[in-house]
Amino acid sequence: MTLPLRPELVGLTPYGAPQLDVAAMLNVNENPYAPPPSVVDAITRSVHDAVEGLNRYPDREFLGLRTDLARYLATESHVDFLEPHNIWAANGSNEIMLHLHQAFAGPGRKVLSFAPTYSMYPEYSRDTVTEYVTLPRRDDFRLDMDAAVAAIADIAPTIVLVASPNNPTGTALGLHEVRVLAAACAEVPGGSVLVVDEAYAEFRRRGVPSAATLLPETPHLVVTRTMSKAFALAGGRLGYLAASKDVVDALRIVRLPYHLSSITQAAARAALAHHRELQAQVDEIRAERDDTVDWLRAQGYTVPETDANFVLFGPVPNREEVFEGLLRRGVLIRVVGPEGWLRVSIGTAREMAMFRNALLEVTA
Ligand code: PMP
C-alpha cells in the first residue's frame with residue numbers, strides 16, 4: 001500500500017526518550033517524588049466528581065482552572081495583574097506550543113530559537129509547516145544578544161522561542177535579555193511573539209526572576225509553564241501560559257473543542273489546591289542539583305550554571321558508551337545536547353548516589 005505521507009515525514013521515527021523500568025530514571029526531568037497520600041486522596045475525590053458528569057462535554061473555556069492557574073502563577077512569580085483571560089491551558093506545554101505555532105506560525109513563516117535547546121522545538125515547526133531557524137548559543141550556553149537582535153531583524157520570525165531555564169543546558173535568561181528580545185520582536189513588521197518557555201521555572205535559584213513580571217509592559221510576550229516538573233504531575237498532562245488577552249483569544253481559535261477533558265481539569269484543580277504539598281521537595285531537588293554540579297566539577301567535568309532540575313556535563317569523549325555503562329548499572333540518563341555532553345535529571349539522594357557511583361565505575 002502506498003500511503004500519501006507528507007514527503008518530509010518519510011522515514012522519521014516518533015519523538016521520545018526510552019521508557020525503561022530501571023532503578024534510577026533520570027532521563028526526562030521528572031520530579032522523582034510521587035504525590036503524597038493526602039494529595040492522591042484530594043485528586044481522586046475531585047476526579048470522582050468529574051466522572052459523575054462524564055455524559056456531558058467538559059467546560060470548553062475551563063474558567064475555573066484558568067482562575068486557579070492565574071492565582072498560582074501570581075503567587076509564584078510575585079505578580080498581581082493576572083486574570084483568567086490572561087491564562088490558557090492544554091494537555092502539557094507541548095500542546096500549548098502547538099497551539100502557539102498553529103496561531104502564529106505556519107507556511108511561509110519562520111520560528112527562531114537558540115541551539116542547543118529543547119529537541120521538540122523543530123517538531124512543532126515541522127508539524128505546522130513552518131521554517132525552523134536556530135542561532136548557536138555562546139560557549140557558556142548563554143545567548144549572544146547582538147546576534148539574536150540582528151537575526152530577529154534579518155529573518156523576521158513570527159515566533160521567537162526561548163526556554164528559560166533552557167533544556168538541556170539549564171541556562172536561565174535575565175530580565176534584561178527578555179526585554180532586549182521583546183524590543184527586537186516589537187520591531188518585526190507584521191508582528192512577532194516572544195515565547196519564553198518556563199517549564200522548569202520553579203527550580204530557578206533565588207533571585208532569578210520569571211519573565212512573567214514583564215507581561216504588563218510587553219503585550220507580545222508569552223510565558224509558558226507546566227505542571228509536569230515541579231508539580232510532580234507529568235502523567236496529568238497539564239501545561240499553561242500567561243499572556244495578553246489578545247494572544248489567548250488567538251489560541252482559542254485554533255484549539256480543538258473540548259481539548260481539556262473534565263478529568264484533566266478536575267485533577268489539575270485539585271493539584272493546584274495542594275501545590276505546596278506537591279512541591280514540598282523542590283528545595284531538596286535544588287540542593288541535590290547544586291551538590292551534583294559541585295561533584296561533577298570536582299571530577300573535572302565542565303558544567304554550565306543550571307536553574308533547572310537537571311545538569312549537563314562534559315566533555316564525555318565516548319558518551320554513548322558511558323550512557324550504556326550507566327544503564328547496565330540501573331541508571332538511565334539522556335544522550336542529548338552537543339556531541340560530548342550528557343544530561344542527568346535530578347532524582348532522590350539515593351538515585352543521585354547511584355548515578356555518582358555508576359559514573360565513577362564506568363569512567364574508571
Ligand atoms: N518545554 C521544555 C523546555 C521541556 O523540557 C519540556 C519537557 N521535557 C516541555 C516543554 C514539555 O513538557 P510537558 O508537555 O510535559 O508540559
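Analyst: The largest nonpolar core has 78 residues, and Leu181 and Leu194 are those with the most contacts inside it. This is a predicted model, in which local features need pLDDT of at least 70 and side-chain atom pairs count only at pLDDT 80 or more, while totals for chains, interfaces and linings use all residues. Residues are numbered from 1 along each chain as its sequence is written, and side-chain values use heavy atoms, with hydrogens and water left out.

User: What makes a set of residues a nonpolar core?

Analyst: The name is given to buried Ala, Val, Leu, Ile, Met, Phe, Trp, Tyr and Cys residues joined through side-chain atoms within 4.5 Å. A second, separate core of 33 residues includes Phe203, Val303, Val322 and Phe355.

User: How do you know how H3 and H7 are oriented to each other?

Analyst: Helix H3 (residues 92–104) and helix H7 (residues 245–254) pack at an angle of about 95°. Angles under 35 degrees count as roughly parallel, over 145 as roughly antiparallel, 65 to 115 as roughly perpendicular and the rest as oblique, so H3 and H7 are roughly perpendicular to each other. The residues of their contact (heavy atoms within 4.5 Å) divide into seven nonpolar, two polar and no charged.

Terms used
Buried means under 20% relative accessible area, exposed over 50%, partly exposed in between (1.4 Å probe, protein chains only). Axes are lines fitted to C-alpha atoms, for helices over the stretch in contact, and angles run from 0 to 180 degrees between N-to-C directions. Helices (H or I, at least four residues) and strands (E, at least two) are DSSP runs, numbered from the N terminus. Ala, Val, Leu, Ile, Met, Phe, Trp, Tyr, Cys and Pro count as nonpolar, Asp, Glu, Lys and Arg as charged, and the others, Gly among them, as polar.
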